Amino acid sequence: MRMIYILLLVSFLFNNLLFSSENVRSKNELVSAYIYLLSKNTFWPHEKKIKKFKIAIMEDGFKLYDTFKKMSQDLHLKNKEIQIIHIGSKEDIDYKDIQVIFLDKNFRDELKSIYNSIGPRAILIISEGSKDLKYSMINLYEDKKYRLNIELNLNNIQIHGLDINNQIILSGASKVGIGKLYHSSIDAMKKQEERFKKYQQLNIKLKNSLKKYETKIETLNKNIADKVAKYNKTIKDIRKKEFVIGEKERLLKKKEHSIKLKELKIKQLQQNLKQLKEKLSIHKDTLDEKIKDIQKQKKILKRYLKTLDEKLSEIKELDKQIKYQEQMIKRNKDIRKEQEAEIQQQKTSLYLIGVIAVLLLLFAIYFYTNKLKYQKINEKLRIAKNEAIYANKAKSIFISKMSHELRTPLNAILGFSDMLLQNSTISKNDKKSLKIINTSGSFLLKLINDILDISSIESHEVVLHENAVNMKNILNDVVALVQNNVDAKLLKLDVNYEHNGIDCIKIDDKLVRQILVNLLTNAIKYSNKGVVSIHIKIDKKFLFMRVSDEGIGIDKDDLKYIFEPFKQVGEASSSTGSGLGLAIVKQFVEIMKGEISVKSILDKGSTFDIKVPYKKCTKDEKTKLNSDDSLKKVLGVSKDSESLKILIVEDKQNNILLLKNILSVLNFDIRIVENGQDAVDEFKTFKPDLIFMDKRMPKMDGLEAVKIIRNLENGDDVKIVMLSANAFAKKPSENFVDAFIFKPYKAKEIYEIISKYFDVKYIYEEEIDTKKDSKNIAFSHQKFKEYLQSLDSKLLDELFNGAVLLNSDDMDEVMQKISLINKELYEMLEQLVVDINFLEILNTINEIKEDK
C-alpha cells in the first residue's frame with residue numbers, strides 16, 4: 001500500500017506536466033520539464049487577465065529553447081497558450097508581458113541586475129547554478145552525483161505577489177531533491193511493471209485469496225483517504241494562517257516605515273517654515289522702505305506732470321499762430337501768381353484769337369467739301385458690317401444644322417456598334433467589321449468636332465469643364481486610338497508616363513484628350529519611319545505633355561504659320577485633313593492657361609511641348625475615381641434599386657431604338673412619344689420619374705414642351721434630360737432641364753445620369769475588349785521577337801504560311817499549339833489577328849530568319 005501511495009504522488013507531480021518519462025531523454029528535456037512544472041505550480045495575481053503565458057529562456061545558443069519549444073508545442077499553462085521567447089542578452093528583455101524568466105549558468109552573474117530590473121512586477125525568476133540565493137526565487141543546481149535539485153527563496157517569491165503550490169514546498173521545505181525524486185519514481189515504476197507481470201501470472205492462483213482481502217483493502221483505503229484529507233486540510237489551514245501572519249507583519253513594517261518618513265518630513269517642514277518666517281520679516285522691512293520712496297517719487301512726478309501740461313498748452317497755441325501766418329503768406333503768393341498768369345493769358349489770347357478765326361474759316365470750307373464723302377463711306381461700311389453679321393449668323397446656322405444632321409445618324413452608328421461590340425455571341429470576323437465601322441464613325445465625329453471646336457473658339461463659347469481624372473487612363477485611350485495607324489505605317493510608338501505618385505488631377509479631360517490625339521495624329525501622318533514618342537509628366541503644379549517624331553519636320557520660315565486655321569505648310573499641304581488640328585491645340589492650351597512650344601528640323605522631325613496647370617483632387621474625388629465602373633458593361637439593376645417610369649421623346653426611329661436598347665436592360669417602365677405635344681399629353685397620364693427629351697422635333701420642340709411640363713402639376717418633381725445633336729446648343733435651358741447630353745452619346749452617359757438623380761445600383765460585367773485594349777498598349781515588338789525565336793523552325797514556318805495566306809482558321813490551329821508552349825505569345829498573336837496586323841508577324845519572322 002505504501003508503494004501505491006508513492007506512485008500516486010509521483011504521477012501527481014509529473015503527469016500534470018504532460019511530459020511522460022518516455023519523452024525525457026536529456027538534461028535539456030529534464031530542465032524543460034522542471035520549468036513547466038514550477039510554472040504550473042506557481043500562482044500569479046490576476047491570472048484570469050493573462051491572455052498568453054510568456055516564458056523567456058536566456059542562454060548561449062538555442063539548445064534549451066528548441067527543446068522546450070518542441071516539448072511544449074501541444075501544452076497549455078492554466079488553460080492558456082504558452083509562448084517561448086529566446087533572449088541572448090539582458091538588454092533584449094521586455095519585462096512588460098513576461099511571466100517567467102529562466103537564466104542558464106552562463107548568465108548567473110546577470111541575476112542581480114535582472115532581479116532589480118523587474119521591480120514590483122509579478123515575474124518568476126528561475127536560475128541555474130546560482131551561488132547566492134539573495135536575488136533568486138528558484139535555483140536549479142546539480143549535486144555531486146549530477147542529480148538536479150531546486151532551492152526556493154519564498155521571501156522573494158512572496159514580495160513579488162507570487163505563490164507556490166504547497167505540494168512543492170512540502171516535498172522539501174526550502175530545498176527539494178526533484179532529481180532524486182524523479183529517478184526514484186522512475187525506478188519504482190519499473191519495479192512496479194515487473195511485479196505487475198508476475199502478478200498477472202499469479203492472478204489465477206490468487207483470485208480466491210484476493211476476494212477475502214478486498215473488504216480489508218477497502219476499509220484500509222477509506223482510512224488512508226480520511227487521514228490524507230485531514231492531513232491536507234491541516235496543512236492548508238496552517239499555510240493560510242502563516243500567510244495571514246506574514247501579510248500582517250509586512251503591513252506593520254510598511255506602516256512603521258511610512259510613519260518614520262512622515263516624522264522626518266514634518267521636521268524638515270518645520271525647519272523650512274522657520275526659515276521662511278525669518279526671510280518674510282526681512283523682506284517686509286525692505287518693502288516698507290521701498291513703498292515710502294515710491295510715494296515720495298509719486299509726489300515729485302505729479303509736480304512735473306502739471307508743469308509739462310502747462311508747457312504743452314503754450315506750445316499748441318504757438319503752433320496755431322504759426323500755421324495761421326503761413327496760410328496767410330501762401331494765400332498772398334497764390335493771389336500774386338494768379339494776377340501774373342491772367343496778365344500773360346490776356347497777352348497771348350489776343351494773338352490766338354486772330355489765328356483761330358482764320359483757321360475756323362478754312363476748316364468750315366474743308367468740312368463742307370468732305371462731309372458728303374464721309375457720308376458715302378459710312379453708308380458702305382454699314383452695309384458691309386450688316387453683310388458680315390448676316391454671313392456670321394448664316395455660318396453659325398449652317399454649322400448648327402450640319403452638326404444636327406451629321407451627329408443624328410452618327411448617334412445611331414456609334415451607339416449600335418458599341419452595343420454590338422459588347423455582345424459576346426458575335427463572331428470575330430463580324431466584330432472586326434463592327435470595329436472598322438465604329439472607328440470610321442469616331443474619325444468622322446472627330447472631323448466634325450474639329451470644325452465645331454474652331455467655330456466655338458472663334459465665338460468664345462468654349463468653357464472649361466474640370467473633372468477628376470487619372471492621366472494614365474487618358475493616355476491609354478489615346479494610344480489605343482492611334483495604335484492601328486502606328487502599326488499600319490510600321491512605326492514604333494514610345495510611351496513614357498511619370499506621375500510622381502499623383503494618380504488624380506482635376507483638368508478638362510476632353511481638351512487634354514483632343515490635344516494629344518491631334519498631336520499624335522499629325523506625328524504619325526507626317527512620319528514614314530522611326531519612332532513616334534509621347535511623354536507625360538505630372539509635378540506638383542503642372543501637367544507636361546511632349547509629342548515628338550522623326551518625320552518630315554517643318555521649315556523655320558513655316559513655323560509661324562502652323563497654328564493658323566486651315567493652314568498647311570511644306571509637304572503637309574499635299575496631305576489630307578482639315579488643317580485645323582494644331583490651331584485647335586494652340587487655342588485649347590491657351591484656354592487652359594497653358595503654354596505650347598515647338599522645335600523642328602527639316603527632314604529630322606518635330607517636338608511639341610505643352611505645359612498646363614491643374615488642380616488637386618479631394619479625397620472623395622480620388623475614392624470615386626478609383627472605384628470607377630465606366631469600363632464595365634451594365635447587365636441590370638439590383639433588387640433594392642428604385643423602380644422608375646421613363647418617358648422617351650424622340651422623332652428619329654434610329655435614336656428611339658438605340659435609347660430603348662440602352663434602357664431595356666434596366667427593366668424600367670418605358671414609354672415613347674415622337675413630338676413635344678404628345679410628351680405633354682403623355683406626362684399628364686403617365687406621370688414619369690425621368691424624361692429624355694430631344695431638342696428638335698416637329699409640331700412642338702423639346703424646350704417648349706419642357707416649359708409647359710414644368711408649369712403642370714408635379715412638373716417640378718420630374719427629372720428632364722435634354723438630348724441634342726446641335727453642338728452649338730447653349731445651355732440656358734438648364735433653368736428648365738436637369739441635365740444636357742449631346743449626340744452621339746454613349747450608354748455610359750445615360751447610366752450615369754440615372755444613377756446621379758435616383759437610387760439605382762447597377763450589376764456590372766467586366767469588359768473583355770477593355771482587357772484586350774490594355775494588352776494592345778503593352779505590346780512590345782522586342783518581346784514578341786524574343787518569344788518567336790524560342791519556337792522551333794517547323795512551327796515558325798506554319799505561322800508564317802498562315803500569316804501570308806491571311807487565313808484565320810490556319811492561324812487558329814497554329815496558335816492553339818503555341819498556347820500550350822507560351823501563353824503570353826498566344827495572347828500577342830491573338831491581338832495581332834484581331835487587329836488584322838499580319839504584316840507585323842511576317843516582318844518579325846523575316847527579321848529572325850535574317851539574323852540566323
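Modeller: Quick definition first: helices (H or I, at least four residues) and strands (E, at least two) are DSSP runs, numbered from the N terminus. This is a predicted model, where local features need pLDDT of at least 70 and side-chain atom pairs count only at pLDDT 80 or more, while totals for chains, interfaces and linings use all residues. Residues are numbered from 1 along each chain as its sequence is written, and side-chain values use heavy atoms, with hydrogens and water left out.

Biologist: What does the accessible surface of the protein chain come to?

Modeller: About 55300 Å², with 54% of that belonging to carbon and sulfur atoms. Areas like this come from the Shrake-Rupley method with a 1.4 Å probe, and for residues only the protein chains shown count as cover.

Biologist: What share of the contacts is between residues 24 or more positions apart?

Modeller: Among contacts in the protein chain with a separation of 6 or more, 68% are between residues 24 or more positions apart. A contact here is heavy atoms within 4.5 Å.

Biologist: Give me one residue to look at. Is Ser39 buried or exposed?

Modeller: Ser39 is buried, at 0% relative accessibility. You'll find Ser39 in helix 2, which covers residues 27–40.

Biologist: Which residues does Ser39 touch?

Modeller: If you skip residues up to four places away in sequence, Ser39 touches Trp44, Ile55, Leu77, Lys78 and Val100.

Biologist: Let's stay with Lys78. Which side chain meets Lys78 in a salt bridge?

Modeller: That's Glu47, with 3.4 Å from N to O. Glu47 is in the loop between strand 1 (42–43) and strand 2 (52–58), and Lys78 is in the loop between strand 3 (76–77) and strand 4 (80–87), so the pair ties together parts 31 residues apart in sequence. A salt bridge is a side-chain nitrogen of Lys or Arg within 4 Å of a carboxyl oxygen of Asp or Glu.

Biologist: Why would side chains like that pair at all?

Modeller: Side chains of opposite charge can pair when their charged atoms come close.

Biologist: And what is the relative accessibility of Glu47?

Modeller: Glu47 is partly exposed at 21%. Lys78 is partly exposed too, at 23%.

Biologist: How many salt bridges are there in the whole structure?

Modeller: A search of the whole structure turns up 20. There's also a network of salt bridges linking Lys27, Glu128 and Glu142.

Biologist: Where do Glu590 and Lys586 lie?

Modeller: Both are in helix 11 (residues 581–591), four residues apart, which is about one turn of the helix. Glu590 is partly exposed with a relative accessible area of 41%, and Lys586 is partly exposed at 27%.

Biologist: Now Asp738. Which side chain meets Asp738 in a salt bridge?

Modeller: Arg710 does, at 3.0 Å from N to O. This pair links distant parts of the chain, 28 residues apart: Asp738 is in the loop between strand 23 (719–724) and strand 24 (739–742), and Arg710 is in helix 15 (residues 702–711). Asp738 is partly exposed at 28% relative accessibility, whereas Arg710 is buried at 12%.

Biologist: Changing topic: where is Pro613?

Modeller: In strand 17, residues 605–613. Pro613 is partly exposed, with a relative accessible area of 31%.

Biologist: Which residues is Pro613 in contact with?

Modeller: Leaving aside neighbours within four places in sequence, Pro613 contacts Ile507, Lys541, Phe542, Met592, Lys593 and Gly594. The C-alpha atoms of Pro613 and Ile538 are separated by 9.8 Å, and those two are 75 residues apart along the chain.

Biologist: One last spot. How many residues apart in sequence are Ala747 and Lys633?

Modeller: They're 114 residues apart in sequence, but 9.3 Å apart in space, C-alpha to C-alpha. Ala747 lies in helix 16 (residues 747–757), and Ala747 is partly exposed with a relative accessible area of 25%.

How values were computed: Buried means under 20% relative accessible area, exposed over 50%, partly exposed in between (1.4 Å probe, protein chains only).
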